[in-house]
Amino acid sequence: MFPASRYPSQVHRCIRALKTVQKKHGTPQLYSTIHRRTCSSVSTPRITTHYTIHPRDKDPRWEGIEMERFADEADVVIVGGGPAGLSAAIRLKQLANEQEKELRVCLVEKASQIGAHTLSGACLEPSALTELFPDWKERGAPLDTPVTEDVFGILTEKYRIPIPILPGLPMRNHGNYIVRLGNFVRWLGEQAEELGVELYPGYAASEVLFHEDGSVKGIATNDVGISKDGSPKDVFERGMELHAKVTLFGEGCHGHLAKQLYKKFNLRENCEPQTYAIGLKEVWMIDEKKWRPGRVEHSVGWPLNRNTYGGSFLYHLNEGEPLVALGFVVGLDYSNPYLSPFREFQRWKHHPSVAPTLEGGQRIAYGARALNEGGFQSIPKLTFPGGMLIGCSPGFMNVPKIKGTHTAMKSGMLAAESIFPKVTAESLDSETAGIHVPEYTEALKKSWVWKELHSVRNIRPSFHNYFGLYGGMVYTGIFYWIFRGKEPWTLKHCGADFAQLKPAKECTPIEYPKPDGKISFDLLSSVALSGTNHEGNQPPHLTLKDDSVPVARNLAVFDGPEQHFCPAGVYEYVPLETGDGMRLQINAQNCVHCKTCDIKDPSQNINWVVPEGGGGPAYNGM
């Protein structure tokens, strides 16, 4: 929460109201078709009630409502409490303390706690961490599991074909650590607070603010106390404004504010469209006899066909209990609308090389998140007057390494080092009210991040060939392992992921086996393990630009792909109460904030916006 001593009495009332609304959140509610039918027989006149689609200035229910927002100022505001945002905040305060300068750094995070929305494999390369904190071991960083075994294989339906991981290949993990990234991010948050960074978890940045000259002024946190039908509650309160000389946007993959900035400043003018994947993850407690701490397993192949990019991981943690983290990644440029990444994940766990590890074990956590896979070709322009993009928001993931934490952290550190001289200068020399820092881009291009991403730039797009997976592996073996990515050409991606989906009539429906409740599970019992919770009486944050499109186009042409690709059961097509058609039902309470719907919707009709702060999953070390 915002420190009380810094704000006037009006702000205290705003904070108290925010707390009141947040405390009304009950236990997680997972909504299914059956639940909704038993709870209500009245169909809402429209699906979307959010003010971003239906402006409040045209709604008579909002007449006379106080819409003034209280504002505060900082030197730097950071949106997103992930590895990039926290590394930027830490580096800024390190520099300020070293040079004995006053610098106010504020970081807002939509999760109720730092790390609660963080999900990754994760196998961490510690290079950036060592630069940020050379003494990270003495500080107690939760890197408890050094990699001791590293295996890779191609799966067929019944067999695993081992593939040697030769020195120099990007997926080699010698010197890396298996971590639960949420725990690592929480630790980074503790280090940031010790240095004097102001952390505000539970506050979602919902709007970018601009100066009159068009430069970024800061952000506003979201309003609270709005009913599901879009009307104000008695406890309605406006969000707060945070103004800054420079604002850093580190929202993670496909951030909703970054989307606005791409359009406002035309940041994607000279790069390729971003391409994505969805990663699904579970944590299991397994039989101690099967536990091999430090073992890293990766695979490609079954159950996906050769033209669907994806793969799996299974990591054995060493945290005092026989825990394994396992997951499945599916590229969102797939073409079959019947494909369900969640069900592919559940099916993969029954492979003869995987199931024995899980038999007799207990699943204790589940989650999902989209990730950037565009790499070097898809990096947008990173700076604009008053702000910049850092971390997985613009997309610095090294896809063949299956790692992005180290590059995200380094981008945040470079951003901090570029910003610091300008925001602490006694005389501000800036053409715009919000400071433009193009030096950040130049610093990034001179860093090991740029060199690393350039060297692997062709590996992901090389899979777009007749032989798919196998052609891409041959390309990687020749042009990366032998030539280290120095080929004089750069391959292109195939365009935006949503445009790759084929009409249902051109594809074969996929028959998935029923879950056995021991190794594979249904969707709602999985979402229950994510701790997902939203205030039920608020407008759905999965907004539709046109409520008629889902049935008229998505269902009619693509068999409603949102009901297949969503890993949380948010989207369902159900019969109209009149019995003469179908309608889309959005179970927004189930949303795990993965952003897949916003990315893969073939009509680009879904726009993900932030719900009330603190809502969403409550991951415990994912």
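Author: Two strands pair if DSSP finds at least two bridges between them. Keep in mind that this is a predicted model. Strand S3 and strand S7 (residues 177-178) are joined by two bridges and run antiparallel. Cys123 has Ile178 in S7 as its bridge partner. In general, strands of a sheet pair through backbone hydrogen bonds, either parallel or antiparallel.

Now widen the view. S3 belongs to an open sheet of three strands, ordered S3-S7-S4, with antiparallel pairing. Strands S3 (123-124) and S4 (145-146) each have a single partner strand, so one side of each is left without a neighbour in the sheet.

Next comes a sheet of seven strands. This open sheet has the order S6-S5-S15-S16-S17-S14-S18, and its pairing is mixed. Its edges are S6 (160-163) and S18 (362-372); each has a single partner strand, so one side of each lacks a neighbour in the sheet. On average, neighbouring strands here are turned by 20 degrees against each other, direction ignored.

Zoom in on one pair. Strands S14 (residues 276-285) and S17 (residues 323-331) run antiparallel, joined by nine bridges. Leu280 has Phe328 in S17 as its bridge partner. Helix H7 (residues 341-348) packs on this sheet. The helix touches S5, S14, S15, S16, S17 and S18, and its direction makes about 135 degrees with that of S17.

How many of the eight residues of H7 are buried? Seven are, so H7 is largely enclosed by the rest of the structure. The buried residues are Pro341, Phe342, Glu344, Phe345, Gln346, Arg347 and Trp348.

Now a hairpin. Strands S9 (residues 205-210) and S10 (residues 216-221) are antiparallel and joined by five bridges. Ala205 stands opposite Thr221. Five residues lie between the strands, and Gly214 takes a positive phi near 95 degrees.

The largest nonpolar core has 78 residues, and Leu248 and Phe249 touch the most other members. Helix H9 (residues 405-423) gives the most to this core, with nine residues. A second, separate core has 67 residues, among them Ile178, Ala204, Val296 and Phe313. Beyond its neighbours within four places in sequence, Phe249 is in contact with residues including Val208, Val216, Ile219, Leu257, Phe384 and Met388.

H9 has another partner. The axes of H9 and helix H11 (residues 448-455) come within 10 Å and cross at roughly 145 degrees. The crossing is left-handed. His406, Thr407 and Lys410 in H9 meet Trp448, Val449 and Glu452 in H11.

Last, the cysteines. A disulfide needs two cysteine sulfur atoms within 2.5 Å. By this rule the count is zero. Take Cys392: its closest cysteine sulfur, in Cys253, is 7.2 Å away, which is too far for a bond. Is Cys392 buried or partly exposed? Cys392 is partly exposed, with a relative accessible area of 29%. Cys106, with a relative accessible area of 0%, is buried.

Definitions and conventions
Residues numbered from 1 in each chain as written. Predicted model: local features only at pLDDT ≥ 70, side-chain atom pairs only at ≥ 80, totals over all residues. Heavy atoms only, no water. Helix = DSSP H or I, 4+ residues; strand = E, 2+ residues; numbered from the N terminus. Axes fitted to C-alpha atoms, helices over the stretch in contact; angles between N-to-C directions. Contact = heavy atoms within 4.5 Å. Buried < 20%, exposed > 50% of the residue type's maximum accessible area, 1.4 Å probe, protein only. Core = buried A, V, L, I, M, F, W, Y, C linked by side-chain atoms within 4.5 Å. Left-handed = near helix turned anticlockwise from the far one by under 90°.
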